[in-house]
Amino acid sequence: MSKVESIKQTVRQIIATYFQVGDPRKRNRERPVNATFAFLRRGVGKSPGDLPELFGFFLQEMSEELSGGKGDGGTPTAAEWAIYLALTLYAVHQQSRDPQKDPMHKHEVRFGSAVRDLAKKRKEKPEESGILSRFNALMTAKSMPERANHLRAIVQQLRAHGVALDYGLLAKDLYDFQFPASEARVRLRWGRDYYSQKNDPDLPIKEPEA
């Protein structure tokens, strides 16, 4: 399994284990779900190493390949950043909603598509939506704390309008976003999904001029 695929599966597994999204036999019985969400939201806006009490939510589920291992010197790895940020944002997104009846984590819903759905929920054209400036700022942000800030603002809007996304896929994108060789690819994928009209049968697709 590739590293990015392992990141996706790790996030999906943690959500299934702690928040009962999927097989109910995997539920965590040590803490009520709502308390677990509140606990994890403490990490929003912080880096992976700031709150040691949160380590159990992601480090114990990560392979040594994804974590810093023994000789990293304490600097969060790209995988740790991606998984930590995805999970803390999910806790924000799912707040005040039942993860079984109204899940905000939904497989195969890509981030750009979710933001496009948000624009539609706000009854705005994607190219004129008020969320577009924040979306563009996210795509041009250069640090993980800056990206986390923009992502949090977008996720809060997604939550307000009941738009779900796949946090495993988001974690994959956040990992790739940290490397110059793949950063542009993530931006292009998000942009394509946001501007795509294939899921908007009510919108006419403009034909290229002759």
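Reader: Where does Lys123 sit?
Author: In the loop between helix 5 and helix 6. Keep in mind that this is a predicted model.

Reader: And what's its phi like, positive or negative?
Author: Lys123 has a positive phi, about 60 degrees, even though it isn't a glycine. That residue comes just after helix 5.

Reader: Is Lys123 buried or exposed?
Author: Exposed: its relative accessibility is 77%, and the cut-off for exposed is over 50%.

Reader: Which residues of helix 5 are the buried ones?
Author: Phe111, Gly112, Ser113, Ala114, Val115 and Arg116, then Leu118 and Ala119.

Reader: What covers them?
Author: The cover for the buried residues of helix 5 includes helix 6 (132–140), helix 7 (144–160), helix 8 (167–176) and helix 9 (180–195).

Reader: Now the other side. What about Glu108, where is that?
Author: Glu108 is in the loop between helix 4 (78–93) and helix 5.

Reader: What does its phi look like?
Author: Positive, about 70 degrees, and Glu108 is not a glycine.

Reader: Is Glu108 buried or exposed?
Author: Glu108 is exposed, at a relative accessible area of 54%.

Technical notes. Residues are numbered from 1 along each chain as its sequence is written. This is a predicted model: local features need pLDDT of at least 70, side-chain atom pairs count only at pLDDT 80 or more; totals for chains, interfaces and linings use all residues. Side-chain values use heavy atoms; hydrogens and water are left out. Buried means under 20% relative accessible area, exposed over 50%, partly exposed in between (1.4 Å probe, protein chains only). Helices (H or I, at least four residues) and strands (E, at least two) are DSSP runs, numbered from the N terminus. Contact means heavy atoms within 4.5 Å.
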